[in-house]
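This briefing covers selected local features of one protein structure. Please look over the sequence and the structure first.

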Amino acid sequence: MKPNRDFHVPTHLPQRLPVLPLRQGFLYPQVVSPFAVARPVSLRALENAVDGWLVVAVQREPIADPNPSDLLPIGVLARVVRPPTVNGDRQVVAIQGVERVRLTDVDGPSPYFEAKIERLDARWPESVEAEALQGALHEAVSDVVEGVSGNFRELLEKVTEPTVLVDLIAYVIDAEMTWKQDILLTVDPLVRAEKVIAQVERAKDVADAQKKIRDRVRSTLGDQEREVMLRRQLDAIRAELGEGDDDDEVKQLKERITALTLPEEAQNAVDRELSRMARLQRGSAERNVAIDWLTWIADLPWSKTSPGAIDLGKLESVLDETHFGLDDVKRQVLEHLAVKKLAGTGRADVLLLVGPPGVGKTSIAEAIAAATEKKLVRVALGGVRDEAELRGHRRTYVGSRPGRLIEGLRRAGAADPVVLLDEVDKMGRGWQGDPAAALLEILDPEQNHAFTDHYLEVPFDLSKVLFIATANDLSAVPAPLRDRMEVLEIEGYTQDEKLNIAKAHVLEKLAKNAGLDETDVVLDDAVLEAAIDGWTREAGVRQLQRVLSKIFRAAAVKKAKDDGELPLLVDVDHLEDFLGRKKFFREEHEVGLRPGISTGLAWSPMGGDVLYVEATAVPGTGKLVLTGQLGDVMKESAQAALTYTRSRAVELGIEDELFGTRDIHVHVPAGATPKDGPSAGVTMFTAIASLFSGRAVAPDLAMTGEVTLRGRVLPVGGIKSKVLAAHARGIRRVNRRDAEEIPERVRDDMEFVFVRQMDEVLAAALDAGATLPGLGDAGVSTHVVGEPVQAAS
């Protein structure tokens with residue numbers, strides 16, 4: 001809205017022009033103003049403007065359908081300076097007033113208003129009175145500019161023409177609509193100037209009077225009224241800055257916290273945080289951090305527990321339904337939960353399930369959660385090397401959060417869930433700290449009733465939580481951590497157990513996963529045994545599931561394509577058509593055929609396996625060569641074996657000079673797999689003794705155990721897994737005492753040779769073997785192809 005003196009009324013302008021009626025607003029000469037035009041009569045007037053020229057007339061009353069008599073007799077000749085733009089159902093147009101005109105002979109409103117115009121001579125006269133009024137106008141400008149925007153202020157200060165200045169002041173001054181209409185109707189510029197100056201003085205007097213009233217009221221206010229006023233002003237300022245009353249989210253958060261039963265220390269921390277948050281600016285980073293912390297406090301189950309109780313009968317039934325065998329493990333789980341039911345928390349509150357992959361460690365935890373009707377929270381610890389993963393990050397860090405344990409409790413919604421700490425043996429240690437050290441507090445019943453997460457910074461009671469940990473390798477679990485847990489070892493399954501598990505659980509699960517019915521695939525015991533023996537080498541049944549799933553996927557393809565009849569019948573002869581070439585074969589080893597070869601037993605996190613030790617001699621100076629990626633312990637066992645054999649040369653019938661004229665080479669297949677541990681000691685002793693004595697080792701005997709330099713056999717671990725591996729390879733004799741944990745069917749099928757001294761081992765291994773030519777006769781090199789072994793221990 002600004003004056004523009006560039007437009008001049010063309011001489012050829014017709015005497016009758018379209019009239020645009022204004023229901024609201026007004027227009028003065030030399031002022032540009034936008035108008036929103038929506039009424040049809042107004043739109044038609046715009047469309048029929050003569051080269052953009054028309055007359056703008058103000059209505060006496062803001063009625064929707066005016067008649068000619070409703071228009072003021074004085075209007076403004078104007079021109080459209082900007083083409084109309086469509087805004088919804090209306091058009092926005094910019095119009096500039098040029099001069100006042102009188103409207104006569106008005107027609108309309110159909111199709112639009114049209115009037116004959118009479119131009120009015122409104123030039124500023126040259127007289128003393130006019131000069132005085134012009135000076136008064138410029139003085140009035142200084143009073144007016146204080147209350148107008150920057151553009152108009154600059155414009156008022158620059159305009160010098162009196163007639164334009166009068167209309168501009170009238171346009172911007174705050175006054176009633178009737179007064180503004182009166183200024184539009186006043187043609188005489190001097191009279192119009194007097195009215196404008198009088199209105200400016202009147203507005204100035206009103207402003208001065210209001211200021212005096214405010215000052216007088218303030219001076220009479222007492223201290224109490226003044227405080228009320230200041231507080232109201234403070235509230236207004238806070239509202240303007242976004243620091244007013246709490247929003248709905250904060251109010252709901254406060255209500256949730258009020259409904260909680262918090263420990264005293266936590267309640268004090270919450271009160272301090274709420275008080276601090278009230279002083280923080282809304283939208284500030286600190287306030288958002290405080291809201292996040294309070295939200296975590298409100299979400300945690302401080303006193304909420306699961307409704308179910310420990311039902312030992314139901315737990316026993318669930319374990320029997322979901323797990324075949326594992327009688328000893330089931331018994332220990334029941335004993336543990338019976339103690340927890342009767343005595344509450346105690347030293348045995350944490351179970352550590354140790355065993356190879358796929359033997360059911362995780363599913364046991366799931367069964368316990370289902371039987372006790374508690375939520376299961378799984379915390380995967382494999383690869384975790386940052387202590388903050390468990391303890392959380394402090395709130396000073398951007399994006400900080402509580403640790404995984406607190407997050408799991410929030411998801412569970414109860415303070416007594418079953419928490420599965422999965423793969424505790426695979427945690428690492430980095431520069432961020434040792435997560436195993438954080439577990440010490442979490443799993444210690446003497447401390448975990450006041451566990452403090454770094455993010456929360458208030459104690460939380462973990463004593464109601466039932467912790468269950470899993471691991472593949474017990475030796476990788478730090479000793480202080482093992483001390484806080486009750487270890488339950490889950491060894492591998494026998495072939496019969498795998499067969500029963502497949503029939504009872506695996507086949508049903510695979511059929512469901514493939515979208516089939518159990519009757520759509522028929523696998524008899526012979527097929528399952530062939531798949532277990534020829535395509536899997538594992539302690540559990542995970543690989544077996546993957547192998548058998550190929551058969552079910554083949555059946556799913558047939559059913560989806562409607563190609564062929566179901567059920568799919570699979571026999572042993574056609575098993576390779578579904579599973580591919582057979583991967584594992586019963587090894588044709590050379591034990592019993594040549595001296596220097598013995599059969600040992602190894603253990604790894606994958607379960608037990610058979611380990612072959614080969615020894616041969618070549619002409620040399622008595623050196624000992626060791627190959628097969630052996631660790632330091634196995635190398636020392638070989639050195640001890642050679643020394644023991646030399647010390648027993650007479651009893652074994654070995655010529656002493658052979659030790660100085662032969663180099664001994666000991667190799668343990670497979671060469672690409674690292675191996676270490678003391679339990680291969682008896683196997684190396686036997687291989688070297690067999691080599692020098694020329695007597696082959698009995699082919700049906702496997703052995704395990706650590707041996708001292710004086711020939712004493714020491715106990716080792718992993719016996720069950722090792723014996724099961726030997727049984728699966730057809731070996732029927734083992735040199736172990738502790739055979740009680742072996743399944744009864746395997747015990748009945750095998751002979752256990754109980755030994756204390758190496759002499760007993762050699763008596764059982766060599767005396768039963770064939771007597772072949774010794775080193776002095778041939779010095780033959782031997783070679784046996786063995787199965788890959790993960791580690792000897």
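**Backbone and burial notes**

Asp51 counts as exposed, at 57% relative accessibility (exposed means over 50% relative accessible area, buried under 20% and partly exposed in between, with a 1.4 Å probe and protein chains only). The model is predicted: local features need pLDDT of at least 70, side-chain atom pairs count only at pLDDT 80 or more, and totals for chains, interfaces and linings use all residues. Residues are numbered from 1 along each chain as its sequence is written, and side-chain values use heavy atoms, with hydrogens and water left out.

**Positive phi**
- Asp51 is not a glycine, yet has a positive phi of about 50 degrees; Asp51 lies in the loop between helix 1 and strand 3 (helices are DSSP runs of H or I with at least four residues, strands runs of E with at least two, numbered from the N terminus).
- Glu373, in the loop between helix 13 (361–372) and strand 8 (376–380), has a positive phi near 55 degrees.
- Glu373 is partly exposed, with a relative accessible area of 47%.

**Cis peptide bonds**
- Gly108 and Pro109 are joined by a cis peptide bond with omega about 10 degrees.
- Ser110 and Pro111 are also joined by a cis peptide bond, with omega about -5 degrees.
- Pro109 is in the loop between strand 5 and strand 6, and Pro111 is in the loop between strand 5 and strand 6.

**Buried helix residues**
- Ser42 in helix 1 is buried at 4% relative accessibility.
- Asp167 in helix 4 (residues 162–172) is buried, with a relative accessible area of 3%.
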